[in-house]
Amino acid sequence: MNFLQDLWEQKMAEAWEKPERYIREQLIQSVLWAKTHSRFYKKAYASYQDNFTLEEFAQFPFTEAKQIAADPFSFLCMKPDEISRIVTMQSSGSTGQNKKIFFSTADQQLTVDYFQYGMRTLVNPGEKCVICLPGNNPGGVVDLLVKGLSALGAVPIIYGSIDNLQAAWQFLEREKPHCLVAMPVQILALCRSRFAPKQFYLPKILFSADVLAKSIVEEITQKWQCTVYHHYGMTEMGYGGALSCFDDSFHMHTRAMDLYFEIVDVQTGQLLKEGEMGEIVFSTLNRRGMPLLRYRTGDMGRMKKKLCPCGYKAPVLYDVQGRIQNSFAQHGKRIWQKDLDEILFSFAGILDFQIIIAGDRLQIQLYKNKIVLPEGRIKEKLNALLGSTWQYDLLLTEQEKDLPCFYGKRMIKWEKAMDG
Ligand SMILES: [Zn+2]
């Protein structure tokens, strides 16, 4: 078992002695494989040379989610019986076509190796890790995380999505885990719940599946004296994408052995300078079932290529804002759901909220516990963020059962298509 782990470290050490060379060599292989085996890349990349520099690669065509949805099988690079896992993802568009992502057994093992490697920062062999994420299909993210933790010698325990705070607390007090893997808003609700014990020993939390607000991290680290980590990933990446540095929850080491990241301008598609905010684009370096090249994630963020202060040699992602649809703009000022997270979650009574946009008016539906909210102060902060451009209504609902409201990635709801 330790063999794999050592192999990963060794591969990593070798690869990152000359990172640019490693990336280029793997990319060339990946492009060649995709061009030879998939109908899509055969056509899309036909006129591009096989031996390229990273600068030249930045001019290669993008892959977009809608292209996968339109014909997922055109991306397939293996025979269907060599595929061990197919993930069908509901499309958010109106075409009704669903994206399919294919993985071979070896592709899935890459994720297990990555999870095993990444989780070593959080748990030691023998320690319990409770997973509060939804779903437990074979080959899904929870299943692969369990495999990675088991390979590490840790003790994975699946709890699932937290929907009843009292039951979740009973479970945690009984199991006394060393580490929790969960969604930020659910843990904030847990932390703020009346069922929370006065003291709780929980050294490590890994947040995943949603953007992470500083206000949430501050409250949780203060109450539980724990270290908070953040993971960024998506199914298309093979779930794992980047994991925060032990030094800083908001700086995430990219999974550079398997993925090559670029940050591009949303409008022009051109590469941005280091540190500029843009769309996160990735290419798979080692996947063979369904390699993805220059895949536009629809997520925004920034990237640093310099060495992380901790010594990690691969690029670091930070300021990841989530989906572009999770923002709204007018007169050049863009506001993100995360900006509202920072303001609203800093008030102790708020458990969750939903933004509904209709025309130039926002409806902010707040879900609260029994604590009386200082509405005047909330409005002051909202006015400072929204300025005079956006009118808004604040709606308050008390959650009778003390449950958080949404499961999974929280999204802004658009009543009418409008963006600027
Ligand atoms: Zn670091």
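Select I350 and then K368 in β17: these two residues stand opposite each other. Keep in mind that this is a predicted model, where local features need pLDDT of at least 70, side-chain atom pairs count only at pLDDT 80 or more, and totals for chains, interfaces and linings use all residues. Residues are numbered from 1 along each chain as its sequence is written.

Now widen the selection to β16 (residues 350–358) and β17 (residues 361–368), which pair in the antiparallel sense over eight bridges. Strands are DSSP runs of E with at least two residues, helices are runs of H or I with at least four, and both are numbered from the N terminus. Two strands pair if DSSP finds at least two bridges between them.

Which residues touch the most other members of the largest nonpolar core? Select L145, V181, A182 and I205, from a core of 99 residues. Such a core is a set of buried Ala, Val, Leu, Ile, Met, Phe, Trp, Tyr and Cys residues joined through C-beta atoms within 7 Å, and buried means 20 or more other C-beta atoms within 10 Å of a residue's own, with C-beta atoms placed from the backbone. Helix α7 (residues 141–152) gives the largest share of this core, seven residues. Domain 1 (1–324) and domain 2 (326–414) both contribute residues, so the core lies between them; the bounds come from an automatic or database domain assignment.

Definitions and conventions
Buried ≥ 20, exposed ≤ 12 C-beta atoms within 10 Å, placed from the backbone.
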